[in-house]
Amino acid sequence: MGLGGPTGFAMNHARDLGPRLAYTLLPIKNKMDNDWQYGLIVPRIAPYLGAIAAALFAKFYLGF
């Protein structure tokens, strides 16, 4: 799972969204699930939550 779903893993939004859309829209035989939940949460939401957690840690624990 470290390599992502059937379209591969990419933290860059532009490199991840295009192949997922193409995989969803193209009529490919025996397609597997595109795993949109993983494709939206990991590269798009998790970095922001990590940045917020780091800022809170720096402010309250380190005193910056």
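Trainee: Is Asn30 buried or exposed?
Mentor: A word on the source: this is a predicted model, where local features need pLDDT of at least 70, side-chain atom pairs count only at pLDDT 80 or more, and totals for chains, interfaces and linings use all residues. Numbering starts from 1 along each chain as its sequence is written, and side-chain values use heavy atoms, leaving out hydrogens and water. Buried means under 20% relative accessible area, exposed over 50%, and partly exposed in between, with a 1.4 Å probe and protein chains only. Asn30 has a relative accessibility of 73%, so it counts as exposed.

Trainee: What is the phi of Asn30?
Mentor: Asn30 sits in the loop between α1 and α2, where helices are DSSP runs of H or I with at least four residues, numbered from the N terminus. Although Asn30 is not a glycine, its phi is positive, at about 55°.

Trainee: What relative accessible area does Asn34 have?
Mentor: Asn34 also has its place in the loop between α1 and α2. Its C-alpha atom is 7.4 Å from that of Tyr23, 11 residues apart along the chain. Asn34 is buried, with a relative accessible area of 5%.

Trainee: How do α1 and α2 run relative to each other?
Mentor: Axes are lines fitted to C-alpha atoms, for helices over the stretch in contact, with angles from 0 to 180 degrees between N-to-C directions. The axes of α1 and α2 come within 11 Å and cross at roughly 170°. Angles over 145 degrees count as roughly antiparallel, under 35 as roughly parallel, 65 to 115 as roughly perpendicular and the rest as oblique. The two helices, α1 and α2, are therefore roughly antiparallel.

Trainee: How far apart are the end C-alpha atoms of α2?
Mentor: The expected span of a helix is 1.5 Å times one less than its number of residues. For the 25 residues of α2 (residues 36-60) that should be 36 Å, and the model agrees because the end C-alpha atoms are separated by 35 Å.

Trainee: Where in α2 is the kink?
Mentor: The bend at a residue is the angle between axes fitted to the seven residues ending there and the seven starting there. In α2 the kink is about 40°, shortly before the proline Pro47, and lies at Ile45.
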